[in-house]
Amino acid sequence: MKKVNRNRYARPGGGRRIAAAVLAIALAVVGATARARAAGTSPVLLLTAGDAFSDDAGARLVTASGAFNFDDLVQFSFPAVGLLVVQGARFARYEVSGEVVEGSSPLVADGITPAELPTLLGIGSAAASPVRLVHADRGEVSVVLPADFSAGAASIVLYAHHETEYFVSNAIPVVLP
Amino acid sequence: MTHLRSGRFAAFACSLVASALAALALVTPAHAIPAVYAGDPTDAAGRPRIILPGVPLIDWGPDARFGTSDDVVDTSIVGDVDLVVRTGGTFVPGSGVIPAPAASVAGAPQVVAGGLQFPSSGGEVPYDLIVSDGAPSPAAGHALPDPDLDGRGALVVAFADLDGDGFVGPTDDDAAGAADDAVEAQEAAMLVGRRLAVLQSGAASGGLGVSLGLPASAGGLGLVIAGGAVTGAVPPLYDDDGWISTLFPVLWPLDPGHIIGGGNPRPADPFGLVDIEVDYERVFRPAPRNPVLGTPFAIPLDGSSVTNDLVRAISGPAVAVAFARALDPATFVPDPSRSVLPLDESDGTRHVVEPVRSLSLVDDGPGGTASLLVFPADVLGNQADPPAAGAAIELQASANLRIVAPDADGDPRRETLAFTEAGFAEVVLDDAGATNDGGAQGQLVATLDGAAAGAVRVTLTPGTGGGTTGGIVRGSTVVKRARMPRKDALRVEAHLDASLAALAAASRDLTIALEDAAGAPFYTRTLPAGSLVPNRRATSFGYRDPASTGAGRIAQLMLVRAPMGAARTILRLRVTGLDLSAVDLASPSMGERIALGTDAFQATLACVANRAGNILTCKR
């Protein structure tokens, strides 16, 4: 049975918070004052689209579009934050620091919850080249998949470990070529 | 954006100032005024006024909106220096001395874009945010180490000089004048780095990461650093009273209550999430040369804005391939949430572009192309220096797409772009085959030195009819190589086998592509639909690049109805500032292709070089 995704952003008011964050990332002088009074408590993790490509050599590249705390990540490190690509029980986890871990776990087969994230962050082994984080900016993350991901359905999820809490985004399906 | 108008201010400055000030006179806080405010102008209730340094008093009036009739500007009151930011760790706490800012981008501290977390990239630039006593001399005043602002939250931010004109924010004093003000407004709207801090003994220090940069070989990207701090009395947020700041390239809402978002604010923490947003509609961002204010918000990158400092941001190593399109300054609308990048040509010419993640093409056969700028990029998408050994980008188009230009290998599905220095390539993409035979989607994948490194999704929309491939019945093309580098010129005259009306020049893309006898393209330019402007009777259409355009400026482009009512159209093109050094001036022929939307015209021209060997004339 499909688990209920206890996404932090499914809670009441979370949508408004995300929408506001997506709509305006700007800040400045009064922003300075206001920012100074308004440090946030939860990272923004929102996926709006995913896509998958393959090059002539068969390498698969997945892009995830949405919003996350890109500007904060430029300032300081989270204990863990990145993108998960899941196909069945297989997963590849891409930290924005460049570390890539791949593995298999029944935990990921039916969705990922924040409660499962601490366990998941301890599973898997380092992925070999050419598997890597290719690109990340405030609107998009793109990664190269392990070769043993096959054509067909997969899903992508953003995750973060910030302070003492764990967060996952909504999941977006992608079809691998 | 609504601009201040001198008449409006003249009318209201006198009549409304008293009432506006009275309206703003809230209850005076029952705490000691911090020393930084000593001698500063106050409102009727004795509260220090919020005024940016060197800028006249600007108040939005009772409606809390700038650009409305109750705005108040008092040019007799000009903000002093309250807060200064310095980069590079030059400030010595306790010295009382505020060091001078960097006098140029070249002399400013360098930082690699990406902060400390992104892979094989990134760094932080040290900053010091310093409370100043506002003394008139030295210009930035003296450091004020009083503890009366201890614990107050502060924010340090970075703005980018995207267009490389030496200013952050709109100015007409650059080479482009007012033509690029909208793009320059983006500089003031978009933060490329921001970090929270906490004041202690009159200063806050730390490291600032930035998200934008340019190749080191190009000198990096100039950033202006600014900062602000709250000065309230009520812990832990201290947002109950005014704020102080360095100069900013705009004036943000005066009332923090008009900040969008908020939610569950916490005290400032350099390692905490920054989670507030500013209502951009309530930001005061006057056009340059305002009749009352002048241009006080454009911050020069020459060290003359004493409250600010500079940083030189360079991109990380090339690990990705990025796609972008140039912004049209005439139609661009600044938006804080919009991603915009600087991009340098190999000759140093600066462009401002936005990333392209997907594009749409009409499935109409030849013609109706789309142009992309392609370049090696760091992990954040910034233009990057290729490795010393060079880098090769291979573009791989799906079978339903065609790489029109460049086409050095004769394979419309693949193209290899070699980069030995920082730069970009302009790629023209079209649907393959005929009308409506391509399906719904295609892809353009890029590899960097053999590894998948970027992709663009292409959506194909149904065409409304087959394009035609006609001829260039007569014409000449002259390539003139100058003695000075990058001063080569090109002149084209082509008689197209179609009437001007049939070409629908105003509503379709125009692509001009030239290649040498070996099929190597040496000139390609696509003007998007709407670029060509008709004369009053629509008997001709014209276009020219702004005079400030550097390399490859179209000095003249005309599409003219042929005389005698013939169903022909004459295209005349004159381009200057080119680097045509790769063109073989002994080439016996030249390929010419001109496409308007779905209609393409092509011909092979016979070429002859002059005796001096610097001019190649090709005719049909």
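Analyst: Two strands count as paired if DSSP finds at least two bridges between them. Helices (H or I, at least four residues) and strands (E, at least two) are DSSP runs, numbered from the N terminus. The model is predicted: local features need pLDDT of at least 70, side-chain atom pairs count only at pLDDT 80 or more, and totals for chains, interfaces and linings use all residues. Residues are numbered from 1 along each chain as its sequence is written, while chains are lettered from A and ligands numbered from 1 in the order in which they are written.

User: What makes strand β10 of chain A and strand β11 of chain A a pair?

Analyst: Strand β10 (residues 152-162) and strand β11 (residues 165-168) of chain A are joined by four bridges in the antiparallel sense. The definition asks for at least two bridges, so the strands count as paired. Within this pairing, Tyr159(A) has Val168(A) in β11(A) as its bridge partner. The two strands form a hairpin with two residues between them, and Glu163(A) in the turn has a positive phi of about 55°.

User: What is the strand order of the six-stranded open sheet of chain B, and what is its average twist?

Analyst: The order is β18-β19-β17-β21-β25-β23 (chain B), with antiparallel pairing. β18 (341-344) and β23 (401-405) of chain B are the edges, each pairing on one side only. The twist averages 50° from one strand to the next. Four bridges join β23(B) to strand β25 (residues 425-431) of chain B, and the two run antiparallel. Ile403(B) stands opposite Leu429(B) in β25(B).

User: How do you know which residues of domain 3 of chain B touch domain 4 of chain B, and what kinds are they?

Analyst: An automatic or database domain assignment supplies the bounds, which for chain B give domain 1 (6-78), domain 2 (83-314), domain 3 (320-462) and domain 4 (469-619). Residues are in contact if their C-beta atoms, placed from the backbone, lie within 7 Å. The contact takes 18 residues from domain 3 of chain B and 18 residues from domain 4 of chain B. β23 and β25 of chain B each supply at least two residues of the domain 3 side. That side divides into six nonpolar, seven polar and five charged residues; Ala, Val, Leu, Ile, Met, Phe, Trp, Tyr, Cys and Pro count as nonpolar, Asp, Glu, Lys and Arg as charged, and the others, Gly among them, as polar.

User: Why does the radius of gyration of chain B agree with a compact globule?

Analyst: The radius is taken over C-alpha atoms, and the globule rule is 2.2 Å times the number of residues to the power 0.38. For 620 residues a compact globule would have a radius near 25 Å; chain B has 28 Å, which agrees.

Key: Axes fitted to C-alpha atoms, helices over the stretch in contact; angles between N-to-C directions. Contact = placed C-beta atoms within 7 Å.
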